[in-house]
Amino acid sequence: QRLALKGYRVLAIDLDPQSNLSMSQGIDIESLSTTMYDVLVTGRPLSEVIHAREIDIAAAGIELAGAELALSGMIGRERSLERAIKPYRDLYDYILVHTPPSLGLLTINAMVAADGVIVPVQCEYLSLRGLAQLRTTLGQVREHLNPRVDIVGIIPTMYDGRTVHGREAVSMLRESFGDLVYMTKIGKTIKFAEAPVKGQSVLTYDSGGQAARWYRRLADEVLDRD
């Protein structure tokens with residue numbers, strides 16, 4: 001939403017079967033007749049699943065959980081999202097793809113279609129270790145499918161500066177990834193849980209609160225690096 005407020009045309013594509021992005025913008029996923037599953041698997045136009053909310057949202061649904069199996073037998077399965085996005089690239093300044101928390105075929109599709117990857121990382125040891133697998137997968141995608149894609153930023157999330165572990169996790173991130181780690185750290189607040197209940201982003205739900213300030217700073221950092 002911060003990008004939209006600055007006058008940018010923004011599309012967010014929900015590629016996660018949990019559909020949290022879609023639901024957090026007040027989209028009733030149970031009533032949808034067409035979702036990102038149909039775009040990826042049956043070739044329906046992306047425009048059929050776009051809903052105008054705070055920004056444009058290409059909605060997911062639970063049936064997206066079956067997309068990886070349906071795509072597995074298709075030729076060019078890693079490029080389904082890239083093909084779907086191509087006619088719409090010039091219509092938006094930014095297209096953001098929300099991926100599942102795994103490195104399966106849906107996430108590979110996002111990497112193939114993307115110019116860059118922004119990685120949210122919880123400020124805890126086990127989450128940091130997961131970055132190694134992400135870098136390996138990204139390297140394979142770069143070598144075989146999309147030579148331009150790379151990590152463009154890492155967001156420390158669930159940060160609690162009162163704990164030694166939280167501070168050490170951020171230090172480890174910066175030691176390993178340097179300037180790729182955004183200066184903005186996203187902390188913990190109940191507002192993140194409350195906002196989706198209202199079908200709003202935290203920027204709309206509590207525009208003057210700390211959570212909104214964190215994300216405004218983050219959006220400014222992303223724009224400054226672009």
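I began at the end of helix H8, where Gly 178 follows with a positive phi, near 55°. The model is a predicted one, in which local features need pLDDT of at least 70 and side-chain atom pairs count only at pLDDT 80 or more, while totals for chains, interfaces and linings use all residues. Residues are numbered from 1 along each chain as its sequence is written, and side-chain values use heavy atoms, with hydrogens and water left out.

**Helix H8**

I looked up the length of H8 and found that its 14 residues, 164-177, reach 20 Å from the first C-alpha to the last, close to the 20 Å expected at 1.5 Å a residue (the expected span is 1.5 Å times one less than the number of residues). I then listed its buried residues, which are Gly 166, Ala 169, Val 170, Leu 173 and Phe 177; buried means under 20% relative accessible area, exposed over 50%, and partly exposed in between, with a 1.4 Å probe and protein chains only. Seen down the axis of H8, these buried residues fall within an arc of 95°, so they line one face of the helix; the arc is that of the directions from the helix axis to the C-beta atoms. The buried residues pack against helix H7 (125-144) and strand S6 (151-157).

**Cores**

Next I asked which residues touch the most other members of the largest nonpolar core. In this core of 23 residues they are Ile 13, Leu 15, Met 36, Leu 40, Leu 46 and Leu 81. A nonpolar core is a set of buried Ala, Val, Leu, Ile, Met, Phe, Trp, Tyr and Cys residues joined through side-chain atoms within 4.5 Å. Strand S1 (10-14) and helices H3 (36-42), H4 (67-72), H5 (80-85) and H6 (105-113) each supply at least two residues of this core. A second, separate core has 22 residues, including Leu 131, Leu 134, Leu 173 and Val 181.

**Thr 137**

Thr 137 lies in helix H7, and at 8% relative accessibility Thr 137 counts as buried. With the same exclusion of residues up to four places away, Thr 137 touches Leu 103, Ile 108 and Met 111.

**Rings**

I counted three aromatic pairs, taking rings of Phe, Tyr and Trp (its six-membered ring) as paired if their centres lie within 6.5 Å, with planes under 30 degrees apart stacked, over 60 edge-to-face and the rest tilted. The rings of Tyr 8 and Tyr 94 have centres 5.4 Å apart and planes at 80°, so this pair is edge-to-face. The pair links distant parts of the chain, 86 residues apart, with Tyr 8 in the loop between helix H1 (2-5) and S1, and Tyr 94 in strand S4 (residues 94-98). Tyr 8 is partly exposed at 32%, whereas Tyr 94 is buried at 13%. Ring pairs also link Phe 192, Trp 214 and Tyr 215 into a cluster.

Ser 19 lies in the loop between S1 and helix H2 (20-24), and counts as buried at 0% relative accessibility.

Methods:
Helices (H or I, at least four residues) and strands (E, at least two) are DSSP runs, numbered from the N terminus. Contact means heavy atoms within 4.5 Å.
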